[in-house]
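Visitor: Please pick one part of this model and take me through it closely. I would also like to know how that part sits in the rest of the chain.

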Amino acid sequence: MREDTRARIQEIALRLFTEQGYEATSLREIAEELGVTKAALYYHFKTKDDIVTSLVDLRVAELEGLLEWARGQEKTTEMRRELLRRYAEQLTMPRYLQVARFLERNQTALRNHPKLAKMRETMITLSAEMCEPGAPATERIIHSLAFFAIHAGKWLTMEGEFSDEEIDKASMEVALRLLDL
């Protein structure tokens, strides 16, 4: 029951933070939307920052799972393709898209958040795992761009112009082409 309540708080907060902005949303509004008192909300999260931290921690844990898998693999073309496929699969999860939209729309308010720095560091490390040690800068950048291609497809297309499946397929195609350079 406690985890269900935490998840519901995260869901409501994420929606309000995305719609209204992080700075413009209060804990009182989150509590009202949930139909609970502020005291009940405090039982789970003391501050808005605690909610953000919990959301980012979930995403970092997913990325660290990919990182752990990648570290146990030989640095082959097949491994790189599979890592991109696994990353792309994570991006199709609704929770990820909601968190990504929230972070994108609240960049200014959250730019110095320490957990976001951890997420960036984990992505950089994940990208580095696609290369052999000592790989040239060009190779490292290409692999980073392959991850970005998968991610960017969600944001850089006209809303409603393509289906999610078309965007996912095209993004993966671009990412794989980058690996073949």
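Guide: Lys169 is found in helix α10, where helices are DSSP runs of H or I with at least four residues, strands are runs of E with at least two, and both are numbered from the N terminus. The model is predicted, so local features need pLDDT of at least 70 and side-chain atom pairs count only at pLDDT 80 or more, while totals for chains, interfaces and linings use all residues. Residues are numbered from 1 along each chain as its sequence is written, and side-chain values use heavy atoms, with hydrogens and water left out.

Lys169 has a relative accessible area of 64% and is therefore exposed; the cut-offs are under 20% for buried, over 50% for exposed and partly exposed in between, with a 1.4 Å probe and protein chains only. Gly153 is 16 residues from Lys169 along the chain, and their C-alpha atoms are 9.5 Å apart. With a relative accessible area of 54%, Arg177 is exposed. Between the C-alpha atoms of Arg177 and Ile9, which are 168 residues apart along the chain, the separation is 41 Å.

Leu84 touches Met130, Ala146, Phe147, Ile150, Met172, Ala175, Leu176 and Leu179, once its neighbours within four places in sequence are set aside; a contact here is heavy atoms within 4.5 Å. Leu84 is one of the buried residues of α5, together with Met79, Arg80, Leu83, Tyr87, Ala88, Gln90 and Leu91. These buried residues of α5 pack against α10, and against α4, α6, α8 and α9 as well. From its first C-alpha to its last, the 15-residue α5 reaches 21 Å, close to the 21 Å expected at 1.5 Å a residue, the expected span being 1.5 Å times one less than the number of residues.

In α9 the buried residues are Ile142, His143, Ala146, Phe147, Ala149, Ile150 and Ala152, and what covers them includes α5, α8 and α10. The end C-alpha atoms of α9 are 21 Å apart, which agrees with the 22 Å that its 16 residues should span at 1.5 Å a residue.

In soluble globular proteins, nonpolar side chains tend to be buried together.

Gln10 lies in α1 and counts as buried at 7% relative accessibility. Leaving aside residues within four places in sequence, Gln10 is in contact with Phe45, Ile51, Ser54, Leu55, Leu58 and Arg95. Gln10 and Ile51 are 41 residues apart in sequence, with 6.4 Å between their C-alpha atoms. Ser54, in helix α4, is buried at 9% relative accessibility. Not counting residues up to four places away in sequence, Ser54 touches Arg6, Gln10 and Phe45.

The largest pocket is lined by 25 residues, with Tyr96, Leu103, Met119, Arg120 and His151 nearest its centre. Helices α4 (48–71), α6 (94–105), α7 (107–110), α8 (114–128) and α9 (137–152) each give two or more residues to this lining, and α8 gives the most, with 6. A pocket is an open set of points on a 1 Å grid over the protein atoms alone where a 1.4 Å probe fits, with protein on both sides within 12 Å along at least five of seven lines; lining residues have an atom within 4 Å of a point.

For the whole, the protein chain has 10 helices and 0 strands. Its C-alpha trace spans about 55 × 35 × 30 Å along the principal axes. Of its 181 residues, 41% are buried. Among contacts with a separation of 6 or more, 67% join residues 24 or more positions apart.
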